[in-house]
Amino acid sequence: MNAATAPGKIILFGEHAVVYGRPALAVPVTQVQVSVEVVDSPDAETWIEAPCISLHTTFSALSPTHPLRAVIESVFAALNIAPFPPLHITIHSSIPVASGLGSGAAVSVALIRALTDFAQRPMPADEVNALAYEIEKLHHGTPSGIDNTVISYAKPVYFVRGQPIQTFNVARPFSLVIADTGIAAPTKESVGDVRKLWEADKPRWEALFDRVGEIVRAAKNAIETGATDSLGALMDANHALLQEMTVSSPELDRLVLAAKTSGALGAKLSGGGRGGNMLALVRPAEAEAVASALKSAGAKSTLMTVIQ
Ligand code: PMV
């Protein structure tokens with residue numbers, strides 16, 4: 001048997017503007033993960049089981065553009081293995097779908113690793129990342145590549161589209177509470193809407209993206225120098241810009257407000273927006289109080305993580 005796992009991820013700063021060349025900061029979230037097992041199939045067909053999305057299907061029944069089919073085909077094409085042997089693939093995930101935690105990219109990365117291990121041809125992280133990026137394009141059209149990069153390398157990343165991976169050091173650990181609105185919001189839609197608005201008024205949107213870029217650079221500096229308390233105000237400022245970009249929602253705004261009024265140092269939506277997750281910067285002693293305030297304000301689930 002060959003098994004591989006991949007973590008979730010969360011964008012700390014810079015979502016959406018990152019699609020337009022500005023930097024963004026993101027970190028892996030190891031509390032949630034995808035695991036994939038690959039074994040020889042007992043029959044002549046390749047079977048895929050993903051109970052978390054109620055999927056039980058043969059490879060040939062998947063549509064040609066289905067991301068799982070695309071991963072399998074692209075891995076064996078990259079390895080020059082044709083035809084590939086009948087497999088039995090099982091995918092388990094604790095990452096909520098379409099919620100900003102990178103579930104699609106994590107499935108791709110874990111599946112690529114499990115398949116290449118099965119073929120006894122493990123790939124280095126940069127090749128896994130390049131393949132996973134191609135699959136991200138099927139998920140949402142014009143991805144920046146941040147999800148597949150953070151998840152393939154499983155490291156904190158200062159990401160600039162098209163540039164080699166840069167990680168960053170965390171001088172002083174800081175605590176986050178992540179809360180899920182429970183609303184599945186496909187990234188493709190919010191990214192597509194932002195693109196239409198950008199096309200209609202490029203000067204205004206480029207200026208907005210520039211302001212996000214400044215926040216991201218200030219946040220990186222704060223994280224690297226241990227000035228983590230100042231991250232709160234930067235999160236608030238980033239959230240305000242995301243609201244201007246039309247990608248927040250009443251539910252996200254309610255959670256951001258609940259976090260702030262219960263003691264968080266700052267809070268913002270994370271990822272594509274319109275639903276999915278938000279995050280709040282907290283002092284460790286206040287994490288429980290903020291998490292319970294978020295639940296009372298409608299969060300479906302919360303998760304606490306320390307970035308170090
Ligand atoms: O919704 P997520 O976590 O997959 O994040 C999307 C981040 C965007 O900046 C909105 C899109 C992208 O491709 O970077």
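Helices α1 and α3 are roughly antiparallel to each other in this predicted model. Their axes lie 10 Å apart, and the packing angle between α1 (residues 67-78) and α3 is about 155°. The crossing of the pair is right-handed. On the α1 side, the contact is formed by Pro67, Ala70, Val71, Ser74 and Val75, and α3 contributes Leu131, Ile135, Leu138 and His139. Sorted by class, the residues of the contact between α1 and α3 comprise 7 nonpolar and 2 polar, with no charged residues.

Helix α3 (residues 125-140) also packs against helix α4 (residues 146-153), where the axes come within 9 Å and cross at roughly 150°. Because angles over 145 degrees count as roughly antiparallel, α3 is assigned as roughly antiparallel to α4. The crossing of α3 and α4 is right-handed. The α3 residues involved are Ala125, Asp126, Val128, Asn129, Ala132, Tyr133 and Glu136, which meet Asp147, Asn148, Thr149, Ser152 and Tyr153 of α4. The contact of α3 with α4 consists of 5 nonpolar, 4 polar and 3 charged residues.

Among the strands, β4 spans residues 55-58 and includes Thr57. Thr57 has a relative accessibility of 11% and therefore counts as buried, the cut-off being under 20%. When neighbours within four places in sequence are set aside, the contacts of Thr57 are with Thr46, Trp47, Ile48 and Leu62.

Definitions and conventions:
Residues numbered from 1 in each chain as written. Predicted model: local features only at pLDDT ≥ 70, side-chain atom pairs only at ≥ 80, totals over all residues. Heavy atoms only, no water. Axes fitted to C-alpha atoms, helices over the stretch in contact; angles between N-to-C directions. Helix = DSSP H or I, 4+ residues; strand = E, 2+ residues; numbered from the N terminus. Parallel < 35°, antiparallel > 145°, perpendicular 65-115°, else oblique. Left-handed = near helix turned anticlockwise from the far one by under 90°. Contact = heavy atoms within 4.5 Å. Nonpolar A, V, L, I, M, F, W, Y, C, P; charged D, E, K, R; others polar. Buried < 20%, exposed > 50% of the residue type's maximum accessible area, 1.4 Å probe, protein only.
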